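Okay, everyone, thanks for coming.

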Amino acid sequence: MAITVISGGVTAAQGFQSAGIHAGIKKSSKKKPDVAVIFSEVPAAAAGVYTQNRVKAAPVVHTQKTAAMGQGQAIVVNSGNANACTGEEGAQSARLMAAWTAQGLGIEEGLVMVASTGVIGQQLPRDIIQSGIKNAVDHLSPEGGHEAALAIMTTDLFSKEIAVQFSLGDKTVTLGGMSKGSGMIHPNMATMLGFITTDASIEPEILQKSLKKAVDKSFNMISVDGDTSTNDMTLILANGLAENKTIESDGALLEQFQEALDYVCIALAKMIAQDGEGASKLLEVQVQNALIEADAKKAAKAVISSSLVKSAFFGEDANWGRILCAVGYSEANIDPDRVEIFLESAAGRIQVADQGTGLLFNEEDAKKILQEKEIKVIIDLHQGSQGAVAWGCDLTYDYVKINADYRT
């Protein structure tokens with residue numbers, strides 16, 4: 001299927017508007033945007049996937065209930081304050097964010113989903129949030145997607161946006177998305193916020209299953225530092241304005257939609273991994289020829305999550321033993337005596353292990369490969385035909401610096 005990348009993000013699809021404004025939640029004197037609103041001109045099918053941390057922030061708990069109804073029309077997001085571990089007052093603040101947004105848009109409160117990101121354990125400044133939401137609603141625009149992407153950032157160094165078009169039957173459908181994430185990134189689900197919009201027509205139950213599949217291939221396959229947040233969520237709104245034949249069940253139309261949604265989610269996930277706090281390299285781990293997909297995923301996640309592996313890549317050290325070690329403790333069903341390991345980048349490709357044993361290789365050539373900004377680790381298990389891919393980054397001195405004084 002042909003998927004065309006186009007300019008834009010969450011407002012690329014028909015009928016969506018957005019805005020990102022500075023309300024003053026963050027302590028920084030720089031007037032960075034910190035409140036965003038995404039709005040569909042008509043009610044849309046809605047679905048969500050959320051953090052698996054048992055400590056869930058108030059907006060996550062609120063939105064899980066709202067999105068479970070299968071319909072939504074707006075998303076309101078703030079950065080600078082996570083509204084997590086804030087008790088009943090925090091729960092009320094999440095409800096108020098939905099109420100203020102609904103009032104400004106003239107829609108039902110139950111159609112508003114809420115997200116927050118930032119420091120844990122602090123109550124939301126309600127007056128600032130209320131004013132910010134009103135301002136954001138007043139500035140909604142089909143051109144507001146980029147400002148919204150800026151408004152959800154915390155320690156991110158760049159905004160993460162993508163939009164694609166593809167055909168469903170005789171109709172052109174658009175999918176757009178934005179995400180944030182840099183630290184506290186780990187599978188299940190990686191610490192991040194992701195918001196996706198589409199003008200496709202699809203039933204809510206099918207949309208939920210499709211989003212879960214896409215998240216499992218993307219946001220649940222990235223790791224920066226091994227921490228899973230209290231605020232993670234990915235939401236999707238599908239407003240049907242493309243007027244394609246409604247996707248109601250499995251079949252060719254759903255397969256095409258799934259391929260496009262996977263593409264968008266994987267692209268956003270890779271941006272998060274690339275922007276890991278303090279990162280200098282984007283790492284991709286490909287596990288090939290596993291007995292079952294679950295084994296491939298376990299092995300890929302273990303390698304991409306290993307602090308020792310990540311540190312070795314920062315030091316540009318082809319320490320293949322750490323990679324094989326991580327595969328071994330991943331709980332994947334493997335035969336160590338069959339494993340091959342390769343390192344690859346724009347500077348070339350080199351095999352460093354064969355049949356579970358290290359090979360003699362040119363250390364200088366290996367170092368040149370590891371000096372590149374994007375590096376692949378290919379692990380061939382030689383046991384079956386299933387594979388998986390995970391993404392992450394190296395672990396640097398700057399990661400510690402960033403997180404040593406995060407609150408201040």
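**The core and what surrounds it**

Let's start inside: the largest nonpolar core has 75 residues, and Leu 175, Ile 236, Phe 257, Phe 313, Ile 323, Leu 343 and Ile 379 touch the most other members. By nonpolar core I mean a set of buried Ala, Val, Leu, Ile, Met, Phe, Trp, Tyr and Cys residues joined through side-chain atoms within 4.5 Å. Buried is under 20% relative accessible area, exposed is over 50%, and partly exposed is in between, with a 1.4 Å probe and protein chains only. Helix H6, residues 252–274, gives the largest share of this core, twelve residues. Helices (H or I, at least four residues) and strands (E, at least two) are DSSP runs, numbered from the N terminus. And where does this core lie? Domain 1 (4–273) and domain 2 (282–404) both give residues to it, so it lies between them; those bounds come from an automatic or database domain assignment.

Quick housekeeping: this is a predicted model, where local features need pLDDT of at least 70, side-chain atom pairs count only at pLDDT 80 or more, and totals for chains, interfaces and linings use all residues. Residues are numbered from 1 along each chain as its sequence is written, and side-chain values use heavy atoms, with hydrogens and water left out.

Now, is Thr 174 buried or exposed? Thr 174 sits in strand S7, residues 171–180, and counts as buried at 3% relative accessibility. Its side chain makes a polar contact of 3.1 Å with the side chain of Gln 165. A polar contact is a pair of N or O atoms within 3.5 Å; within protein, one must be able to donate a hydrogen and the other to accept it, and residues adjacent in sequence count only if both atoms are side-chain atoms.

Compare that with Lys 31, in the loop between strand S2 (16–21) and strand S3 (35–50). Lys 31 counts as exposed, at 69% relative accessibility. Then there's Thr 154, in the loop between helix H4 (145–151) and strand S6 (160–168), which is partly exposed at 24%.

Last stop, the sheet. Seven strands form an open sheet in the order S9-S16-S11-S15-S12-S13-S14, with mixed pairing; two strands pair if DSSP finds at least two bridges between them. At the edges are strand S9 (222–223) and strand S14 (357–358), each pairing on one side only. Strand S12 (340–345) and strand S13 (348–354) pair in the antiparallel sense over five bridges, and Glu 344 has Arg 349 in S13 as its bridge partner.
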